[in-house]
Amino acid sequence: MSFTIVQLRTIKSRIKISDLYFKFRRGIHCCCSHSSTDDAESFFTSLLEKSTHTTHLNQIHNQVYIHGLHENGFIITKFINTSSNLREIDYARHVFDEFPDKYVHLWNAIIRGYSMHNMLDKVIQVYSTMHRASVSPDAFTFPHVLKACGGLQSIGYGRVVHAQIFRHGFEKDVFLQNGLLSFYITCEENSCARIIFDGLRSKDVVSWTLMISACAQNGHPIEASRIFRDMRRLHVKPDWIALVSVIKAYSDMEDLNQGRCLHGLVIKTGHEFELDLRISLTSLYAKCGYVTAAKSLFDETEVEDVILWNSMISGFAKNGHATEAIELFFEMISRNIQPDSVTIQSSVSASAQLGSLDRAKWMGNFVSNSTFRRDVIVQTALIDMYAKCGSLDSACEIFNRIEDKDVVIWSAMIMGYGLHGRGREAIRLFKEMKNCGTRPNDVTFLGLITACSHSGLVEEGWEIFLCMKDYGIEPHQKHYAGVVDLLGRAGYLEKAYSFVNTMPVEPGGSVWGALLSACKKHRSVQLGEYAAEKLFNLDPLNIGYYVQLSNIYASSRMWDGVAKVRVLMKSKGLNKDFGYSMIEINGKMEAFRMGDRCHPRSDEIYKKLEWLEIMLLECGFIPDTESALHDLDKEEKEMTLCNHSERVAIAYGLISTSRGTTLRITKNLRACVNCHLATKLISKFVDREIVVRDANRFHHFKDGVCSCGDYW
């Protein structure tokens, strides 16, 4: 005779039930014939602890009735608890309702059952019924009720419970006070939580941890770190939860030194292998730019936890290591670790930094075939990615596909237009946004001002800045910097300077930086020196400001000024960043520097460069030698200019792709006047579209014309 697996399991279950039943019968006979009530309670308690099935509950319940123990409060309380543990909460409620004279322990048992199963509204209902029945709660009642109030965000009812805790004399019970702390923190009533915390005479580790976590999670990292220092001063040993919260606080403050000290404490207290702590430390190091230490921790943690991977991927992306971020994302999906929306956002952001349209398209296809294709935040990141990778058409396609657009979506598309110098389209979209009833935010206005600045729409940009107050939006430093750029780029240097002097807030680095850039563009030495002096005081180690001033001197042939800046840079240990250009060929990014001859195809590249120079001269091109910011003779300047990194990249692109293929180049610096002029002509006689993304914006060169209208 053979049995199916289901039959065997059924027989096995029945044997267990039968065995329990016979033990039950023998035990009942013994305890009820020869023993006291205490023995019966002990026996039923033991039996309930061994119950694993509803059938066991039925048998025990029947015998409780048969032997007249159905009004034994101790046994019925145990029965309710066991029923709740076995997920038979309705059975527990039925037994509770049958009990004639309910006392506090029975009420606690059913309240606990509902709380355990997250039936928070039932907890409140039963507690209210208990109160109306004039049964006084005890210290075991309130924790579950407070949990329910917090989960339901019922601040009013929670305050009533708070008053009842005092009324029943539990104001010094640390466990209940911690429950109140947790309730107020959950309801985001941090001021009330702080009053309770400060009033606690005897704080335990839970009290400290709750308060530290509340501050860290609600954007008060400095206060969180201060409370932690107080905790340490009173010799309270932190648990790993407290350490996680403090690490988050130091991470938000980007305080690497304190974070490293805390890492030492983690090791000292023996928590170094706690997963949440390793994730927090990885995130701390990554966010503070210490990616080597973050990667070391990541590699040591052999756990396929998506939060850990997110910490490392976002850390790479935020610190300019876009390639490493993408490689880690590929490794993650190859190991079948399911990404979440944070993973996708960080990976899309990294793709945007790379500027590779092929990589962007791959990422877009991945999202389209995933569960995140309708995620609004991911869709916003995709719009930004396509815009930064040079494909406004793809960004518009994503934008138009979204039916319910919020202000973030509209702002992302407006920022995309701004990046490409499409000011008219940005303003049109802004009007469409208002017609749809969407209220703009500060990012919307920043995108609009940027778009107008890159398009030479000075009057329109100024009007947009002024109308911010109509929406109750206070301008930030970036808005003021955008207006300075708008005026300065158009040549209104005096107006820009006057605007800076009349700002209602102290001008920051971005504002003076915009003025300095305008001075470089229009060769205003005196105002440029003034702006540079302000910037040197604000950020003395920013190499970019010194280079800008040096370029102002060089464009005005003030070589003594150039030498003076170089001496100043040397005294501060600053070295100029090398300019480079990257070009995407068959999905691979190739990087070149000025005069770069390290490439395997170097001979072919420079042969093509020579051909380009001949063609440019035949077209009447005259090199703008003012773009060579060195004290060289005319011939040396012309040779230097034709070897600029973007020209080398263009030459490589022409020998590596078929006719008609669009060349996509990314520069880390602003395009110089000479290369801009040359690239316009090259696009015409090679009959190619050349898309260049420089440090400020995009340039689309086609048929001898640039999309910026020679305004950048």
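Q: Does α19 pass α20 in a left-handed or a right-handed crossing?
A: This is a predicted model, where local features need pLDDT of at least 70 and side-chain atom pairs pLDDT 80 or more, while totals for chains, interfaces and linings use all residues. Residues are numbered from 1 along each chain as written, and side-chain values use heavy atoms, without hydrogens or water. A crossing is left-handed if the near helix is turned anticlockwise from the far one by less than a right angle. The way α19 passes α20 is left-handed.

Q: How far apart are the axes of α19 and α20?
A: Helix α19 spans residues 322-334, and helix α20 spans residues 341-354. They pack at an angle of about 140°.

Q: How many charged residues are in the contact of α19 with α20?
A: From α19 come Ala322, Thr323, Ala325, Ile326, Phe329 and Met332 (contact: heavy atoms within 4.5 Å). From α20 come Thr343, Ile344, Ser347, Ala350, Ser351, Gln353 and Leu354. By class, eight are nonpolar and five polar, and the charged count is none.

Q: At what angle do α7 and α8 pack?
A: Helix α7 takes in residues 120-132, and helix α8 takes in residues 142-151. Their axes lie 9 Å apart. The two are therefore oblique to each other. Their packing angle is about 130°.

Q: How many nonpolar residues are in the contact of α7 with α8?
A: The crossing of α7 and α8 is left-handed. Leu120, Val123, Ile124 and Tyr127 of α7 meet Phe142, His144, Val145, Lys147, Ala148, Cys149 and Gly151 of α8. Two of the contact residues are polar and one is charged, and the nonpolar ones number eight.

Q: Within what distance do the axes of α32 and α33 come?
A: Helix α32 runs over residues 543-555, and helix α33 over residues 559-571. The axes cross at roughly 165°. That makes α32 roughly antiparallel to α33. The axes come within 7 Å.

Q: How many nonpolar residues does the contact of α32 with α33 have?
A: α32 passes α33 in a left-handed crossing. The α32 side is Ile543, Tyr546, Leu549, Ser550, Tyr553 and Ala554. The α33 side is Trp559, Gly561, Val562, Lys564, Val565, Leu568 and Met569. Two residues are polar and one is charged, and the nonpolar count is 10.

Methods
Axes fitted to C-alpha atoms, helices over the stretch in contact; angles between N-to-C directions. Helix = DSSP H or I, 4+ residues; strand = E, 2+ residues; numbered from the N terminus. Nonpolar A, V, L, I, M, F, W, Y, C, P; charged D, E, K, R; others polar. Parallel < 35°, antiparallel > 145°, perpendicular 65-115°, else oblique.
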